[in-house]
Amino acid sequence: MSSMICLASREHRAFLIRGNDVVVASKRYVRGLRRKPVNVLIPEDKAEQVVRKERKKKKKGEDDEAEAAAAAAEQEQPTAKHAHLSAGRDQVDGLRFERAFPGDKRLARLVSISRSRTFREHQGKILLEGRRLICDALVAGANPQMVFFSTVDRLRELPLDKLRRATLVKVKFEDIKLWSDVVAPQGVIAIFSRPDSSRLNFANTGHSVPLSLICDNVRDPGNLGTILRCAAAAGCNNVLLTKGCVDTWEPKVLRAAMGAHFRLPIYPNLDWDVIENHLPKSVTVHVADSSCGPDRNRQTEDLQVNRSHTPFKAGDYGWISTSHSQSNVCYEDYDSDSDCEAEGLSLPRVDAKLYHESWAQSPTALVIGGETHGLSIESVQLAEKTAGHRLFIPVVPGVDSLNSAMAASILLFEGRKQLLRLRQSRKWNSAEGQFS
């Protein structure tokens, strides 16, 4: 009576074969649909027995449910007692914390928000992972919103006096490992409000030199993080990022920078018209050139004569190239973010200098371009306006040019050395004047 499959035979066409007196009939078999019965009709003599069985099953189910409820009530009484005790124990040095319940999605939701640049900008939140990075942010005065930790010992490694206003949540280490970006997570993740460089407290300002770094369209997170770390180590005044650079609060940038975000001011997403407002009035802007050769001036003059090509990037007229051979330079058009028009465009004339020559003798700014598009025309125009130079790091023949992070580290520490030498010479001259 449940479901059945019936095979119906229908005579389609019959024919006879005279060989050996065998009659063959052609038939077609049609498969019936599987249907469930609308109702099961029980014989009258057995109907009363079926009703009794159904009543016994229903009564047995109700008894089982009652027993389960009683057992749950008995377990609930000691659990309530221990809940009061555990609530009193969920604190560290007077700082209360919560325990994540099963299915708690706060960590997953906040990590997903912090990994997206759009959400970071709209929500105003960033994600920091690891004890050192979180401690640097707290010391600099960043505002923590929520801290996830796996053990109480991990929480004690942080400055607890700066976590009074934050929400502390204890989660399983497996959950942190699931949402962590590192191979070996430390068991602590924090969500901070997006910091404002003007409101942070930076340490070691007494060791800084009048040197600023301008990142021009640096799009690789690892390179930008390394450049920020070198800028902090060289004692730069500030770092300026033009539009087109990767977000400074990207997780990869944060890991590569090793806390540089909280050691010097960083101003992201700036237009070239605004960059001069963040620099001293007597500043000299230099640009890093990966391929300044003896034939560069001649090639620039040739390009000025040939107006059919319309360059918008400094690399278009051979200033930025990964090839050491200057005879076979291929010029291509790039899309420009500049507002300048092609008509009447005059190429900036900026002299080249080796990196170890004297170029940092006053407040200085250094421009590092991205490896994909090179320097923008606005950066070279600013260098021409401030009487700057194109700084060149020579490499042996057959070797590709240095990447932007390595070139920045060499030039920044060379600039620091020259500025410190200038400061010491001035102190020596003033001391000699007082002595005489």
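The structure is a predicted model, in which local features require pLDDT of at least 70 and side-chain atom pairs count only at pLDDT 80 or more, while totals for chains, interfaces and linings use all residues. Residues are numbered from 1 along each chain as its sequence is written, and side-chain values use heavy atoms, with hydrogens and water left out. Helices (H or I, at least four residues) and strands (E, at least two) are DSSP runs numbered from the N terminus.

Within β15, Thr 364, Leu 366 and Ile 368 point one way, whereas Ala 365, Val 367 and Gly 369 point the other way, and all are buried. Pairing, which requires that DSSP find at least two bridges between two strands, links β15 in the parallel sense to strand β10 (residues 211-216) over six bridges, with Leu 213 opposite Leu 366 of β15. Strand β13 (residues 284-289) also pairs with β15 in the parallel sense, over four bridges, and here Thr 284 has Thr 364 as its bridge partner.

A side-chain contact involves Asp 289, whose side chain makes a polar contact with that of Arg 390 at 3.2 Å; such a contact is a pair of N or O atoms within 3.5 Å, of which, within protein, one must be able to donate a hydrogen and the other to accept it, residues adjacent in sequence counting only if both atoms are side-chain atoms. Arg 390 is found in strand β16 (residues 390-392), and it is buried, with a relative accessible area of 1%. In the loop between β16 and α12 (404-435) lies Val 396, which at 54% relative accessibility counts as exposed. Val 395, Val 396, Val 399, Leu 402 and Met 406 form a nonpolar patch on the surface, with about 390 Å² of accessible area together. Patches are made of residues with over 30% relative accessible area and no salt bridge, with like charges joined within 9 Å and nonpolar side chains (Val, Leu, Ile, Met, Phe, Trp, Tyr) within 5 Å; a salt bridge is a side-chain nitrogen of Lys or Arg within 4 Å of a carboxyl oxygen of Asp or Glu.

An open sheet of five strands shows mixed pairing in the order β5-β8-β7-β9-β6. β5 pairs in the parallel sense with strand β8 (residues 167-170) over two bridges, Arg 99 standing opposite Lys 170. β7 and β8 are likewise parallel, over four bridges, with Val 147 opposite Leu 168 of β8. By contrast, strand β7 (residues 144-149) and strand β9 (residues 188-193) run antiparallel and are joined by five bridges, Met 146 having Ile 191 as its bridge partner in β9.

Turning to the helices, α7 (residues 221-234) has 14 residues, which at 1.5 Å a residue should span 20 Å, and its end C-alpha atoms are 20 Å apart, in agreement; the expected span is 1.5 Å times one less than the number of residues. Asp 220 caps the N-terminal end of α7, a side-chain oxygen lying 3.2 Å from the backbone nitrogen of Gly 222. The helix is followed by Gly 235, whose phi is positive, near 75°.

Technical notes: Buried means under 20% relative accessible area, exposed over 50%, partly exposed in between (1.4 Å probe, protein chains only). Accessible areas come from the Shrake-Rupley method with a 1.4 Å probe; for residues, only the protein chains shown count as cover.
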